[in-house]
Amino acid sequence: MIIKDTATLRKYLSINGSVDYDNLAPYIRKAERIFLKPVIGKAQLTVFENDNITDEIVKEAQEIAQEVVANYAYFLYLPIGAVQVSDNGIHVVENEHTKSASDKQFKELQRSFIKSAHEALDELLSFMEVSADKFIEWFNSEYLTIYKDLLVHKTDIFNEYYYIFNSRQTFIALKPTIRVVEDRFIKSPIGFELLEDLKNNQTDAQRKEVKKLLQQSVVAFTVMLTVENGMFVLDAKGMHMRFDVLPYEKTITNVNLKINDFLLRTKDNKKIEGEEYLKMAMKIIKENPDKFPEYTEKEATGSISLTKTKSIVGL
């Protein structure tokens, strides 16, 4: 495991009282398996388990990875840590000096740990992405392909064009819709080959501009398709996962499942935005064929005129 002692845990968990490594060890292992390994791969995880890393960049990434695991582990541990489990059943300990946290406090703490973990994981992936030569195990694995399989593949990209409170959890939940948007609205106009190449890092200024416009289009269309999805809460501030809105916050947040005027306007506006950004991208592509050799303009399909009569159909 990449966290091996209490001292390392305490570097990343800002909580009162003692932090016992032995109590959290099963959840550290589970956090690595559920949250970290699926996005960086076993080989890269093995690198971070090394206690003798000397490269400063890899060492910094290891520390971010430890922060990821520590917060996910405590998030997983909280429900069992709040009670005592024995042969006599499940108990909550209270005395004259201490009492159990309220449900509100408990949920707030859970949300705090999962949010910190998500943020650290996003930071880790971004950090590794800009130092390819230092993380060969990740860059030569299938996990990088999974990470970059969408044009809008990072939380901060989506958040730049529509505010989702920098929530990785919200972004992960949106990924299936983002994929649908690529297939429905982007792939056909620009072609599969150009779409796939634009998912890589671009150096040419015009290709960068097209990629940015298409990302803006993807985000706009994604929001358009999400308006009626009960998993999310949209209001004037931005978009939340419903998980992020606790029951007592409903009085100050628009969580009404009914489609209201605000949501209808949002849906219409995002449809217009998505179309406009796509048109702007297509204009650059068509005016600069030398910069976009993957693009092939589709031939217009000839229309067939049908003449209907009472007894025959003539062409």
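A word on terms first: helices (H or I, at least four residues) and strands (E, at least two) are DSSP runs, numbered from the N terminus. Keep in mind that this is a predicted model, where local features need pLDDT of at least 70, side-chain atom pairs count only at pLDDT 80 or more, and totals for chains, interfaces and linings use all residues. Residues are numbered from 1 along each chain as its sequence is written, and side-chain values use heavy atoms, with hydrogens and water left out.

Start with the whole chain. The secondary structure comes to 11 helices and 6 strands. There are 315 residues in the protein chain, and 44% of them are buried. Buried means under 20% relative accessible area, exposed means over 50%, and partly exposed is in between (1.4 Å probe, protein chains only). The accessible surface comes to about 18,000 Å². Carbon and sulfur atoms hold 51% of that surface. Areas come from the Shrake-Rupley method with a 1.4 Å probe; for residues, only the protein chains shown count as cover.

Now contacts, meaning heavy atoms within 4.5 Å. Take those between residues at least 6 apart in sequence: 67% of them join residues at least 24 apart.

I3 sits in the segment before α1 (6-12). Is I3 buried or exposed? I3 has a relative accessible area of 0%, so it is buried. Leave aside its neighbours within four places in sequence, and I3 touches T8, L9, Y21, I28, E32, Q66, V69 and A70.

Which residues form the negative patch? They are E56, E60, E63 and E123. Patches are made of residues with over 30% relative accessible area and no salt bridge; like charges are joined within 9 Å, and nonpolar side chains (Val, Leu, Ile, Met, Phe, Trp, Tyr) within 5 Å. Asp and Glu count as negative, Lys and Arg as positive; His and the chain ends are not counted. A charge is placed at NZ of Lys, CZ of Arg, CG of Asp or CD of Glu. Helix α3 (residues 56-81) gives the most to this patch, with 3 residues. E60 is in helix α3. E60 is partly exposed, because its relative accessibility is 40%.

On to salt bridges. Side chains of opposite charge can pair when their charged atoms come close. Here the cut-off is a side-chain nitrogen of Lys or Arg within 4 Å of a carboxyl oxygen of Asp or Glu. The structure holds 18 of them.

In one, E129 pairs with K154 at 3.4 Å, N to O. E129 lies in helix α4 (residues 103-129) and K154 in the loop between α6 (142-147) and α7 (155-161), so this pair ties together parts 25 residues apart in sequence. Both E129 and K154 are buried.

In another, D149 meets R179, with the closest N and O atoms 3.1 Å apart. D149 is in the loop between α6 and α7, R179 is in helix α8 (residues 168-190), and the two are 30 residues apart. D149 is partly exposed at 23%. R179 is partly exposed too, at 35%.

E287 is exposed, with a relative accessible area of 51%. K283 is exposed at 51%. Elsewhere, salt bridges that share partners join E129, K148 and K154 into one network.
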